[in-house]
Amino acid sequence: MDSSRSAQREVIQFLRAEGEHASQIYRRMKEVYGEQWLARCTIFRGCQRYEARHVNVKDLPCPGQAHVVTNSATISAVDELIRQNHRITTCKIAVVLSISKRTVHHIIHKKLGYGKVCAQWVPKHLSENQKMARMGVCLTQQFLH
């Protein structure tokens, strides 16, 4: 059974929606969760909040680090750092731009399409111009032999 605070808040909300009174909810929670139940005042506050505005538990603010959205400015900054130094590490990029290494990794691999070859960042896919240039080199090599 999930005895986390958020799970218990959901139970409070559910029971209050069914019409249970706060004191009844408190007794039931104490019976079910034993030593891990929320304090009486927390349960009563949860009931008051529900009554005040029928809050969805998912809408309540969550503790922890805020989600950082990768925007075009960050993506272009990462791309510029890689173009300046093909051997730069994700850790160094993260420090320079003050973003997480995971975000840097996501930008490099998913947004920019780079991969590591011999400790250098290179595009995973060739552009149309690069494909045509490669084809031209192959054709000239074929005619030489």
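In which helix is R83 found? R83 is found in helix α4, where helices are DSSP runs of H or I with at least four residues, strands are DSSP runs of E with at least two, and both are numbered from the N terminus. The structure is a predicted model, in which local features need pLDDT of at least 70 and side-chain atom pairs count only at pLDDT 80 or more, while totals for chains, interfaces and linings use all residues. Residues are numbered from 1 along each chain as its sequence is written, and side-chain values use heavy atoms, with hydrogens and water left out.

**Overall make-up**

- The protein chain contains seven helices and two strands, and from the N terminus on its elements follow the order α-α-α-α-α-α-β-β-α.
- Of the 145 residues of the protein chain, 26% count as buried, where buried means under 20% relative accessible area, exposed means over 50%, and partly exposed lies in between, with a 1.4 Å probe and protein chains only.
- Among contacts in the protein chain with a separation of 6 or more, 48% come from residues 24 or more positions apart; contact here means heavy atoms within 4.5 Å.

**Nonpolar cores**

- In soluble globular proteins, nonpolar side chains tend to be buried together.
- The largest nonpolar core has twelve residues, namely I75, V78, L81, I82, I88, I93, A94, I99, V104, I107, I108 and Y114; such a core is a set of buried Ala, Val, Leu, Ile, Met, Phe, Trp, Tyr and Cys residues joined through side-chain atoms within 4.5 Å.
- Three helices, α4 (72–84), α5 (90–97) and α6 (101–111), each supply at least two residues of this core, and α4 gives the most, with four residues.
- Another core, of ten residues, lies apart from it and includes L15, Y33, I43 and C47.

**Packing of α5 with α6**

- Two packed helices are described by the angle between their axes and the distance between the axes.
- The axes of α5 and α6 are 9 Å apart, and the helices pack at an angle of about 110 degrees, with axes taken as lines fitted to C-alpha atoms, for helices over the stretch in contact, and angles running from 0 to 180 degrees between N-to-C directions.
- That angle makes α5 roughly perpendicular to α6, because angles of 65 to 115 degrees count as roughly perpendicular, those under 35 as roughly parallel, those over 145 as roughly antiparallel, and the rest as oblique.
- The crossing in which α5 passes α6 is right-handed; a crossing is right-handed if the near helix is turned clockwise from the far one by less than a right angle, and left-handed if anticlockwise.
- On the α5 side T90, C91, I93 and A94 take part, and they meet K101, V104 and I108 in α6.
- By class, this contact of α5 with α6 has five nonpolar, one polar and one charged residues, where Ala, Val, Leu, Ile, Met, Phe, Trp, Tyr, Cys and Pro count as nonpolar, Asp, Glu, Lys and Arg as charged, and the others, Gly among them, as polar.

**Packing of α4 with α5**

- The axes of α4 and α5 cross at roughly 130 degrees and come within 11 Å, and these two helices are therefore oblique to each other.
- The crossing of α4 and α5 is right-handed, and the contact is made by T74, A77, V78, L81 and I82 of α4 together with I93, V96 and L97 of α5.
- The residues of this contact of α4 with α5 divide into seven nonpolar, one polar and no charged.

**Individual residues in α4**

- L81 lies in helix α4 and counts as buried at 17% relative accessibility; leaving aside its neighbours within four places in sequence, L81 is in contact with I88, I93, V96 and L97.
- D79, also found in helix α4, counts as buried at 15% relative accessibility, and D79 touches L112 and Y114 when residues up to four places away in sequence are not counted.
- R83 counts as exposed at 54% relative accessibility, and the C-alpha atoms of R83 and V122, which are 39 residues apart in sequence, are 9.4 Å apart in space.

**Residues in other places**

- S98 lies in the loop between α5 and α6, has a positive phi of about 55 degrees although it is not a glycine, and is exposed, with a relative accessible area of 66%.
- S23 lies in helix α2 (residues 22–33) and is partly exposed, with a relative accessible area of 23%.
- The C-alpha atoms of S23 and R40 are separated by 8.4 Å, with the two residues 17 apart along the chain.
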